[in-house]
Amino acid sequence: MKDVDREAGGTPALQMTDFIRDLKQYLLQMVQEGAKTVYLSSEGKESLERFLQKGGELSRRAVEQESSRAIRGGVRSLRELEEVMRKCHKCPLGEDRLNLVFGEGNEEAEVVFVGEAPGADEDEQGRPFVGRAGQLLRKIIRAMGYEPEEVYIANILKCRPPMNRDPLPEETERCFPYLSAQLKLIKPKVIVALGKHAAHALLGVKTPITKLRGNWARFQGIPVMPTFHPSYLLRNMGGKKEVWDDMQEVLKVLGRTPKKHGS
Ligand code: SF4
């Protein structure tokens, strides 16, 4: 029965809240366009507004319940998790996103690269690391001997912070359980934390990235290698050697040999 509900577009509660949301949008649009066919007394209008407000609250509650269930392990695939997250408004970033940036790559990747948050390009395309930093990350991945589709790439936050500012602690706190759920499903052998925000969120520390990088740590038993974020490398090419050293460590743990020196 649950599977049938999912195929039909979510649980009955979510279908109902989708309906309320669509009805609300439709009616508001009609009113804005000066439609003559919506006849409501002031009492009727007030009741409708109250009903829609309640519907909005119910909708949020249903989504929160669905996301808590997903986070607790109630979903069986990344696709199901993504479907739940598309409705997420657990933090204000959900209001302004163009696209949720869930993550992409091999669902059974042995290595997962975790960055901090989507930027403008990522928000527009709904894909992680698509700008210049992303090109550099994919170059590093290829130099390690992988095709980008063989690994998994994700961020701590799934929605873009305005003006590309740093993630706020409360945003990280709200969103991090989703990454944790992704990692539980992927079960990688190694996580590469790209930059201080990813390292701090995964390791629960505030140590500067210059001290963390190159040193193995663990997240839920999975080895984590913190290293510099590719966008830092674009501004400080001197950091490339350190990142390449860190990737060599990753390859050693994975029992692989690098193809060539990273560039
Ligand atoms: S950033 Fe994360 S917690 Fe905030 S709305 Fe987006 S998916 Fe939800």
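## Shell around the ligand

In this predicted model, helix H5 (93-96) and helix H8 (169-186) each contribute at least two residues to the shell around the ligand, and the largest share, three residues, belongs to H8. There are 13 residues around the ligand, of which Cys88, Cys91, Gly94, Cys159 and Cys175 come nearest. Sorted by class, the shell consists of seven nonpolar, two polar and four charged residues.

Ile156 lies in the loop that runs between strand S3 (152-155) and H8. This residue counts as buried because 24 other C-beta atoms lie within 10 Å, where 20 or more are required.

Leaving aside residues up to four places away in sequence, Ile156 touches Val114, Glu116, Ala117, Pro167, Thr172, Cys175, Phe176, Leu179, His197, Ala198 and Ala201. Cys175, one of these contacts of Ile156, is also among the residues that come nearest to the ligand. The C-alpha atom of Ile156 is separated by 9.8 Å from that of Ala193, although the two residues are 37 residues apart along the chain.

## Packing of H4 against H8

Helix H4 (residues 78-85) packs with H8 at an angle of about 165°, and the axes of the two helices are 10 Å apart. H4 is therefore roughly antiparallel to H8, since angles over 145 degrees are classed in that way. The crossing of H4 and H8 is right-handed.

On the H4 side, Leu78, Leu81 and Met85 meet Tyr178, Ala181, Gln182 and Leu185 of H8. By class, this contact of H4 with H8 comprises six nonpolar residues and one polar residue, with no charged residues.

Key:
Residues are numbered from 1 along each chain as its sequence is written. This is a predicted model: local features need pLDDT of at least 70, side-chain atom pairs count only at pLDDT 80 or more; totals for chains, interfaces and linings use all residues. A residue is near a molecule or strand if its C-beta atom, placed from the backbone, lies within 6 Å of it. Helices (H or I, at least four residues) and strands (E, at least two) are DSSP runs, numbered from the N terminus. Ala, Val, Leu, Ile, Met, Phe, Trp, Tyr, Cys and Pro count as nonpolar, Asp, Glu, Lys and Arg as charged, and the others, Gly among them, as polar. A residue is buried if 20 or more other C-beta atoms lie within 10 Å of its own, exposed if 12 or fewer, and partly exposed in between; C-beta atoms are placed from the backbone. Two residues are in contact if their C-beta atoms, placed from the backbone, lie within 7 Å. Axes are lines fitted to C-alpha atoms, for helices over the stretch in contact, and angles run from 0 to 180 degrees between N-to-C directions. Angles under 35 degrees count as roughly parallel, over 145 as roughly antiparallel, 65 to 115 as roughly perpendicular and the rest as oblique. A crossing is left-handed if the near helix is turned anticlockwise from the far one by less than a right angle, and right-handed if clockwise.
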